[in-house]
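I opened this notebook to keep track of what I looked up. The entries follow the order in which I went.

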Amino acid sequence: MELSNRQEQIIEIVKENGPITGEKIADHLSLTRATLRPDLAILTMAGFLDARPRVGYFYTGKTGSELLTEKIKKYKVHEFQHVPVVVKENVSVYDAISTMFLEDVGTIFVIDEHSCITGVLSRKDLLRASIGQQDLSAVPVHIIMTRMPNITVCRKEDLLIEVANQLINKQIDGIPVVKDTEKGMEVVGRITKTTITKVFVELVTDDQV
Ligand code: ADP
């Protein structure tokens with residue numbers, strides 16, 4: 001987050017004089033308390049300053065990058081998950097390939113009649129199945145998919161940074177977001193490498209750290 005000159009000045013004043021009231025900060029800058037209110041609110045919300053009632057403002061001592069790290073570490077899966085693209089187990093490899101093109105995704109999740117996960121299809125899984133001579137419309141996806149229990153899943157309350165780590169460690173492109181039900185793990189979303197890339201870009205365009 002870019003701080004304005006005035007916000008930088010406020011931080012310096014609080015660093016040297018804290019705890020200090022808003023009134024006193026205003027005096028240092030020869031401004032009114034009301035003029036400073038939005039800046040103080042931004043600095044407090046962003047975590048540079050801490051405000052204690054009847055005491056005043058403190059400098060938290062945290063740098064912009066420390067605050068950014070803290071913020072990223074709090075991101076939860078449900079804030080960023082996308083709609084999953086799924087097929088049933090008996091769908092043909094041919095139809096799964098069509099789905100992959102039509103839905104413009106790189107990973108498809110395979111589900112049973114309860115919408116619970118049974119497998120994953122990646123681009124290479126489908127490509128591998130296409131190399132042979134077999135009739136792709138006669139081969140059901142459950143023959144070629146990566147199947148449970150070897151599927152890496154996440155849940156909506158999980159931390160995004162942990163899911164990003166899984167994408168790297170397991171060398172996969174996507175992870176289904178599941179909800180536990182008595183029938184199994186219902187697929188409710190997906191986190192992919194694209195999700196993480198978007199978050200990365202948003203961090204730069206988003207002003208509010
Ligand atoms: P690609 O095969 O296109 O490079 P991935 O790297 O995502 O795509 O997939 C590599 C292998 O890992 C594939 O066989 C795929 O079925 C499997 N896979 C993909 N996602 C998962 C997952 N969430 N859990 C377990 N296996 C997965």
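Is Thr107 buried or exposed? I looked up its accessible area, and Thr107 is buried, at a relative value of 10%. The cut-offs I use are these: buried is under 20% relative accessible area, exposed is over 50%, and partly exposed is in between, with a 1.4 Å probe and protein chains only.

Before going on, I note that this is a predicted model, where local features need pLDDT of at least 70, side-chain atom pairs count only at pLDDT 80 or more, and totals for chains, interfaces and linings use all residues. Residues are numbered from 1 along each chain as its sequence is written, and side-chain values use heavy atoms, with hydrogens and water left out.

**Entry: Thr107**

I placed Thr107 in strand 4, residues 107-111. Helices (H or I, at least four residues) and strands (E, at least two) are DSSP runs, numbered from the N terminus. Then I listed contacts, meaning heavy atoms within 4.5 Å. Not counting residues up to four places away in sequence, Thr107 touches Val85, Met100, Val120, Leu121, Asp173 and Gly174.

**Entry: the ligand**

Which residues are closest to the ligand? I found Ser122, Asp125, Thr146, Thr152 and Asp173, out of 14 residues that surround the ligand. A residue counts here if one of its heavy atoms lies within 4 Å.

Next I checked polar contacts, pairs of N or O atoms within 3.5 Å; within protein, one must be able to donate a hydrogen and the other to accept it, and residues adjacent in sequence count only if both atoms are side-chain atoms. The side chain of Thr146 has an N or O atom 2.6 Å from a ligand oxygen. With Thr152, a polar backbone atom is 2.8 Å from a ligand nitrogen. With Asp173, a polar backbone atom is 2.8 Å from an oxygen of the ligand.

I followed up Asp125, which sits in helix 6, residues 123-131. Asp125 counts as buried, at 10% relative accessibility. Neighbours within four places in sequence aside, Asp125 is in contact with Val120, Ile144 and Thr146.

**Entry: helix 3**

Does the span of helix 3 agree or disagree with its 14 residues? At 1.5 Å a residue, helix 3 (residues 33-46) should span 20 Å, and its end C-alpha atoms are 19 Å apart, which agrees. The expected span is 1.5 Å times one less than the number of residues.

I also found a bend of about 30° at Asp39 in helix 3. That angle is taken between axes fitted to the seven residues ending there and the seven starting there. The buried residues of helix 3 are Leu36, Asp39, Leu40, Leu43 and Ala46. Their cover includes helix 1 (5-17), helix 2 (22-29), strand 1 (49-52), strand 2 (56-59) and helix 4 (64-74). Just after helix 3, I noted a positive phi of about 95° at Gly47.

**Entry: the cores**

Nonpolar side chains tend to be buried together in soluble globular proteins. I looked for nonpolar cores: sets of buried Ala, Val, Leu, Ile, Met, Phe, Trp, Tyr and Cys residues joined through side-chain atoms within 4.5 Å. The largest has 17 residues, and Ile10 and Ile25 touch the most other members. Helix 1, helix 2 and helix 3 are the elements that give two or more residues to this core. Apart from it lies another core, of 15 residues, among them Val85, Val93, Val139 and Met145.

**Entry: Ile117**

I found Ile117 in strand 5, residues 117-122. Ile117 counts as buried, at 6% relative accessibility. Its contacts beyond four places in sequence include Phe109, Met148, Ile151, Pro176 and Val187.

Where are the cis peptide bonds I noted? One runs from Gly18 to Pro19, with omega near 0°, and Pro19 is in the loop between helix 1 and helix 2. Another runs from Met148 to Pro149, with omega near 5°. Pro149 is in the loop between strand 6 (146-147) and helix 7 (160-169).

Ser30 is not a glycine, yet has a positive phi of about 55°. Ser30 is in the loop between helix 2 and helix 3 and is exposed, at 66% relative accessible area. Ser115, also a residue other than glycine, has a positive phi near 65°. I placed Ser115 in the loop between strand 4 and strand 5, and Ser115 is partly exposed, at 30%.
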